[in-house]
Amino acid sequence: MPSRRDSLLVPGRRAATVYAAGVAVISATWLFGFALRVPVWSADIRMFQRPFMSATAAPAGWVGSFDGGIQALVNCTLLVALASAAYIVCLLALRRGFAHSYAAAVAGTAIAALAILPMVPQVSPDATHLAADVRTLWLHGKYPTDRDAAPASIDDPVAQQVGNFKDSWSGYGPVAYAIGGAPLPFVGDNLRANVLGQKAVSGVFLVLLAAASGFAARRLGRDPGLVAGMVGLNPLMLFVFPGDGHNDTIMMAFAVAGLPFVLALPWRSRAGGLLAGLAGVLAKFAAALAAPFVAAAWFPKLRYLIAAACLLALVGFSVALMTRSLPRVTSLGPALAFTRMSIWSTLPDADPGRGDFETRRRLAAFAYTLFGVILAAVIARHRLKTPLDVVTAAGATIWVFVFALLPGYLPWYQVWYFPFAAISGRRWLVAASMAFSIGAFLPIFALQWAGDIQRVMQVSDPHHKAVWTVFVVVAGLAVATWYYDRVTERRLQMTAEERARRAKRTARNKPLRARR
């Protein structure tokens, strides 16, 4: 007969087995489905120089992984769907719970990141530019955001092979460049090795971000294993960071690591969290999006003043955008961009490929003003009594910004809100975030295979339709889940109140029964 202890351990063992199988499927999908088909070390140099997020890039990237045409689109879609299904299986196993699930989630992230690391960057030349930028700082003594520090102006074997944006200076913060120099002693002057080094840095910081998210979740009373797995094993996070080489993980790893300290009561802990958050901001300015919520939690009597300051700042930014009077500031790149991945680009005359610049500028100004109104309203009215309240408010607001309001939206910007959403544990926010992250592949594929989709499927403007499909589905899911949560909470509240009334009636009736 099995003991009681053994019977309790069996479900945990099953969950651990299911989780391990899910990680194996995720890793094998990325490794054999993508990474080893066109690995960095054997890829044609032109693959590192192709245009950004363009249909003309497909033959060098995604289509290069398979036979060309629609069949390649089908193959990639099925593989991403498989990785996404395995991701959900892993989360269900982590939610079920098993021993050392937090460590397993971090280890699983590391394994999956290693599996996708050899993949040549698929949709963006940013890793190539960044590889040149860190060499500009560390080997040539020039700061990459200076006008004379564009790759075309630097006598360097890697910088001279930058194909896209070679005449543009960089737009990150000093922490990103400092940490990005870590691979330089090991990569020599080879372009492939330098790009792989930047991808490795991004992958390491994705693992650290998953670990920091789980740590913050534990400090705030959430399940650390589930949160770490939700962040680290997400297909989009793996694809755009160790896969494509973007460095937003540096920013977010510092910001999330400081989160439980910056929300603690002792000012000594807050100071440590503030330093970590500052390091995140100095990697990329987007980390500052969470700052107003922390400030409002620290100084609740000043929250209306903080809300007004945020509104005025964003209105001022919009006015400057309209009058072309913005100063050149490091890391403002995403704030000044208007991309074809954004919902705004689908509006009339707004497509960056063929629309009107003045229309895009007016729409961007309106979007940032609207964000200012929403940000100010949340800071002024949202409950900010507990650390989880602050995390939820920040995650939900940044999600709305990235999902619906950011004109320069790109898929890797989803990491700006994703850890906060995972830590919050709010059902609607978690569901919407997961759906948006997995759905982000649809517009990517639509842009990469736009020509084939138009020719074979007779679908005009496929990326516009893909963007709107994701927007409608994710927004509908968010609203439906939010409504379900509200109804459930109200029902539970009514049940609790009814129990309290029954208890009072029972207490009143006891003396009567005793007298009888």
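**Salt bridges and a greasy patch**

R340 is partly exposed, with 29% relative accessible area (partly exposed sits between buried, under 20%, and exposed, over 50%, using a 1.4 Å probe and protein chains only). Its side chain meets that of D351 in a salt bridge, 3.1 Å from N to O (a side-chain nitrogen of Lys or Arg within 4 Å of a carboxyl oxygen of Asp or Glu). Both R340 and D351 sit in the loop between α15 (333–336) and α16 (357–381), eleven residues apart. D351 counts as buried, because its relative accessibility is 3%.

Keep in mind that this is a predicted model, where local features need pLDDT of at least 70, side-chain atom pairs count only at pLDDT 80 or more, and totals for chains, interfaces and linings use all residues. Residues are numbered from 1 along each chain as its sequence is written, and side-chain values use heavy atoms, leaving out hydrogens and water.

The structure holds eight salt bridges. In one of them, K284 pairs with D248, with the closest N and O atoms 2.9 Å apart. K284 is in the loop between α12 (267–281) and α13, while D248 is in helix α10 (248–257), so the pair ties together parts 36 residues apart in sequence. Both K284 and D248 are buried.

Over in α16, E358 bridges to R361 at 2.6 Å; the two are three residues apart, about one turn of the helix.

Finally, W267, F299, L302 and L305 make a nonpolar surface patch of about 430 Å². L302 belongs to the loop between α13 (291–298) and α14 (303–323).

Conventions
Patches are made of residues with over 30% relative accessible area and no salt bridge: like charges are joined within 9 Å, nonpolar side chains (Val, Leu, Ile, Met, Phe, Trp, Tyr) within 5 Å. Accessible areas come from the Shrake-Rupley method with a 1.4 Å probe; for residues, only the protein chains shown count as cover. Helices (H or I, at least four residues) and strands (E, at least two) are DSSP runs, numbered from the N terminus.
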